[in-house]
Amino acid sequence: MSTVYDRLRENWIYLLIAGGTALTFAISVRFELFEEFHAYSRAHEDWELDELAVLILNLTFGLLVAFIVRSRQLSKVAAERDKAERHAQEVACNDVLTGLPNRRAFMEHLLDLDRAGAANGEIVIMLDLDRFKAVNDVHGHAYGDLVLVRTAQRLQAELENEDLVARLGGDEFAIALKPGSDAARAEGIARRILKSVSQPIVEDGLRLSVGTSIGLARLTADQDASNALQFADQALYSAKKSGRGQYAWFDAELEKVARERRALELDLKQAVSNDQIAPFFQPVFDIASDRLRGFEVLARWTHETRGVVPPDVFIEIAEDVGLISSLGWSILRQALLAAKDWNPELALAVNISPTQFRDGHLVERIKENLSETGFDPTRLVIELTETAIMSDFNLAQTALLELRDLGVRVALDDFGAGFSAFSNLRQLPFDSIKIDGSFISHIQGSPENQRIVTGILALAHGLDLSVIAEGVETAEDLDFLQSIKCQMGQGYLFARPMSGRDVEWMLETKWSSLTRGEDEPSTPNTRFPKAG
Ligand code: C2E
Ligand code: CA
Ligand code: CA
């Protein structure tokens, strides 16, 4: 925006002229300069002073006209510039498709509330569309866009001018209700939105039908408005969990969960950087011979006050906050150091997360760790899930071949639980597959699981892959695996995951001949924290 000051600065020369003229006039009047001049010029007729005066007068008039014209031009330019600036501002703060304010504008609004100290009792609503992806996939993006535009209109129709509705991106919308709105108004709006958004959109003979779920959050005085969206998002998540097409409030329980999660994130960051997350080891046995073949490395976090935290709690957080790679490398290194002097026959299988797998320097980093710890590469097995391979098949192929060149083996983990594309098995150089524990535990009671596991075994046999059954919990599970000639097993029946020191103790005692040993319980379970 150009200010008055800018305008004055641009036109200073004209101001100077105008000012000068006024000053000259005042002085002339005060000292009767014209009378003086008149007398003087009459006295010196041959100097043509009066003609000179006419010339100067003309010049001044000309400049005055030029000033007016120029100043009009300038104000036109300034107005155009203001318009362009306003437009740029609007584009930056508005979603082009729906014309609604965008995420940036919405966050600005919340920050303004914080700055004004007005964020008390504010209600923020968040929603996203159910089945929107299906509309996009089935009818194409043009119809997807249409759904978004209509939804924006429907939301606006339920609101007043002082409410702010924004499109956050994708199929996500947020609303900040006008100050002073109470829970009853918010719930009324939520109910009406649920109804109006789920009305089918009829266009070009098509009926496009989406639904929505809604999260509501009401801020208390001690909360920052800038967190409101996060709270509403959590409420939205819980609305979806309790069945779609509903609304849910962010409440004390959810807040507790959110606070707990943030605390856990902070603790986890510290724990990873201090190597407080340590490898545990779960034995893998050969089923026919009862021989100990090696261990799977499983991360365990022993927290001062929380006790042992299992990986299904922290691995997901580590993924979310970008810690998974440093955690993975720390575990690998600690595990190699711990196991390097164990019986050289014993293999060590380490889980590599999809993120870690894709980080681009996987093979180099494994090589580095092997040479720095002096661990024999032929004892190392890398466990990968299909998620890791799926995103970039070529990268996976190269990496797996390089690992094979190093002498490192690769196992496909959780087989059966995911996509289980047989093409992956055929085209990628795996050495073994691990059948997901959910098929194995209590397999006697499930003829269907028995058929699946028998099928997987036949398939693996045909592809020359060895098979490890996870989750062997009962003697009956083991009997079944024996009967179908599954090579290896791992599970609570044999032993729970245990610390490196406990492994050493077991290797000196019960497993000294590298066999499982007979009687139950096979391991002093009380010494080992329970997994999962
Ligand atoms: P996973 O790779 O499938 O690991 C096997 C899980 O089954 C382990 O859970 C193990 O303790 C558990 N388990 C072993 N025997 C039995 C049994 O008989 N019955 C049952 N019900 N469970 C059994 P855990 O240690 O809680 O690990 C869970 C998952 O966390 C692992 O699943 C793996 O995906 C991930 N994880 C663990 N450690 C790491 C790690 O260092 N890096 C990465 N990226 N992921 C890890
Ligand atoms: Ca595994
Ligand atoms: Ca597994």
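The structure is a predicted model, in which local features need pLDDT of at least 70 and side-chain atom pairs count only at pLDDT 80 or more, while totals for chains, interfaces and linings use all residues. Residues are numbered from 1 along each chain as its sequence is written, chains are lettered from A and ligands numbered from 1 in the order in which they are written, and side-chain values use heavy atoms, with hydrogens and water left out.

Begin by selecting ligand 1 together with the 22 residues around it, of which Gln-282, Ala-299, Arg-300, Glu-473 and Tyr-492 come nearest (a residue is near a molecule if one of its heavy atoms lies within 4 Å of it). By class, this shell holds nine nonpolar, six polar and seven charged residues, where Ala, Val, Leu, Ile, Met, Phe, Trp, Tyr, Cys and Pro count as nonpolar, Asp, Glu, Lys and Arg as charged, and the others, Gly among them, as polar.

Next, show the side chain of Gln-282, which has a polar atom 2.9 Å from a nitrogen atom of ligand 1. Taken alone, ligand 1 exposes 790 Å², and the protein buries 80% of that (areas come from the Shrake-Rupley method with a 1.4 Å probe).

A pocket here is an open set of points on a 1 Å grid over the protein atoms alone, where a 1.4 Å probe fits, with protein on both sides within 12 Å along at least five of seven lines, and its lining residues have an atom within 4 Å of a point.

Finally, move to the second largest pocket, with a volume of about 620 Å³, and select Thr-24, Phe-34, Ile-56, Leu-57 and Thr-60, which lie nearest its centre among 20 lining residues. The lining divides into 15 nonpolar residues, four polar and one charged.

Technical notes:
A polar contact is a pair of N or O atoms within 3.5 Å; within protein, one must be able to donate a hydrogen and the other to accept it, and residues adjacent in sequence count only if both atoms are side-chain atoms. Grid points are joined across faces, edges and corners, and a volume is the space filled by probe spheres set on the points.
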